[in-house]
Amino acid sequence: MNDTCPFDFNFDPATFKVGDTVSYRDPQMSGMPFVAKITAVHADFIEIVDDSEPGRVLRATRVSRPVVMDQ
């Protein structure tokens with residue numbers, strides 16, 4: 001049995017860059033964790049895309065486990 005996580009997450013908001021994989025939370029889903037790629041990095045937020053919805057860009061907080069801000 002292999003207990004290794006298949007994802008390599010970046011949990012350091014100071015080093016976030018486009019293409020990084022992050023574990024994000026969605027308050028509308030009881031804060032459950034999801035996986036997304038960063039598509040843009042701004043001073044106070046990031047933009048992410050979840051592979052399950054590739055055409056939808058989400059705006060999230062710039063913290064170690066980003067929280068989706070508005071949908």
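Author: What follows is a talk through the core, some individual residues and the side-chain pairs of this predicted model.

Reader: Let's start inside, then. Which residues make up the largest nonpolar core?

Author: The largest nonpolar core has ten residues, namely Phe16, Val22, Tyr24, Ala36, Ile38, Ile46, Ile48, Leu58, Ala60 and Val68. The elements that each give two or more residues to this core are strand E1 (21-25), strand E2 (33-41), strand E3 (45-49) and strand E4 (57-61).

Reader: Take Val68 from that list. Where is valine 68, and is it buried or exposed?

Author: Valine 68 has its place in strand E5, and it counts as buried because its relative accessibility is 5%, where buried means under 20%.

Reader: And what does valine 68 touch?

Author: If residues up to four places away in sequence are not counted, valine 68 touches Tyr24, Arg25, Pro27, Leu58, Arg59 and Ala60. Its C-alpha atom is also separated by 9.5 Å from the C-alpha atom of glycine 31, a residue 37 places apart from valine 68 along the chain.

Reader: What about phenylalanine 16, which residues is it in contact with?

Author: Leaving aside neighbours within four places in sequence, phenylalanine 16 is in contact with Asn10, Phe11, Val22, Ile38, Val41, Ile46, Arg62, Val63, Ser64 and Pro66.

Reader: Arg62 is in there, so where does arginine 62 lie?

Author: Arginine 62 lies in the loop between E4 and strand E5 (68-70), and with a relative accessible area of 24% it is partly exposed. Apart from neighbours within four places in sequence, its contacts are Pro13, Ala14, Phe16, Val41, His42, Ala43, Asp44, Phe45 and Ile46.

Reader: Which backbone oxygens lie by polar atoms of the arginine 62 side chain?

Author: The backbone oxygen of proline 13 lies 2.9 Å from a polar atom of that arginine 62 side chain, and the backbone oxygen of histidine 42 lies 2.8 Å from a polar atom of the arginine 62 side chain.

Reader: Changing topic, how many salt bridges are there in the whole structure?

Author: A search of the whole structure finds two salt bridges. In one of them the side chains of lysine 17 and aspartate 20 meet, with an N to O distance of 2.9 Å, and in another the side chains of arginine 56 and glutamate 53 meet, with an N to O distance of 3.2 Å.

Reader: Why can side chains pair like that?

Author: Side chains of opposite charge can pair when their charged atoms come close.

Reader: Thr21 is new to me. Where is it, and what does its side chain do?

Author: Threonine 21 has its place in strand E1, where it counts as buried at 11% relative accessibility, and its side chain makes a polar contact of 2.9 Å with the side chain of lysine 37. Not counting residues up to four places away in sequence, threonine 21 touches Phe7, Asp8, Phe9, Asn10, Val35, Ala36 and Lys37.

Reader: One last topic, the rings. How many aromatic pairs does the structure hold?

Author: The structure holds two aromatic pairs. One of them is formed by phenylalanine 9 and phenylalanine 11, whose ring centres are 5.6 Å apart and whose planes are at 50°, so this pair is tilted.

Reader: Why does it count as tilted?

Author: Planes under 30 degrees apart count as stacked and those over 60 as edge-to-face, so the 50° of phenylalanine 9 and phenylalanine 11 falls into the tilted group. Phenylalanine 9 counts as partly exposed at 21% relative accessibility, and phenylalanine 11 is partly exposed too, with a relative accessible area of 40%.

Reader: And what sits over the ring of phenylalanine 45?

Author: The charged end of arginine 59 sits over that phenylalanine 45 ring, 3.9 Å from its centre.

Conventions: Residues numbered from 1 in each chain as written. Predicted model: local features only at pLDDT ≥ 70, side-chain atom pairs only at ≥ 80, totals over all residues. Heavy atoms only, no water. Phe/Tyr/Trp six-rings, centres within 6.5 Å; stacked < 30°, edge-to-face > 60°. Buried < 20%, exposed > 50% of the residue type's maximum accessible area, 1.4 Å probe, protein only. Lys NZ or Arg CZ within 6 Å of the ring centre and 35° of its normal. Salt bridge = Lys/Arg side-chain N within 4 Å of Asp/Glu carboxyl O. Core = buried A, V, L, I, M, F, W, Y, C linked by side-chain atoms within 4.5 Å. Helix = DSSP H or I, 4+ residues; strand = E, 2+ residues; numbered from the N terminus. Contact = heavy atoms within 4.5 Å. Polar contact = N/O pair within 3.5 Å; in protein donor to acceptor, adjacent residues only side chain to side chain.
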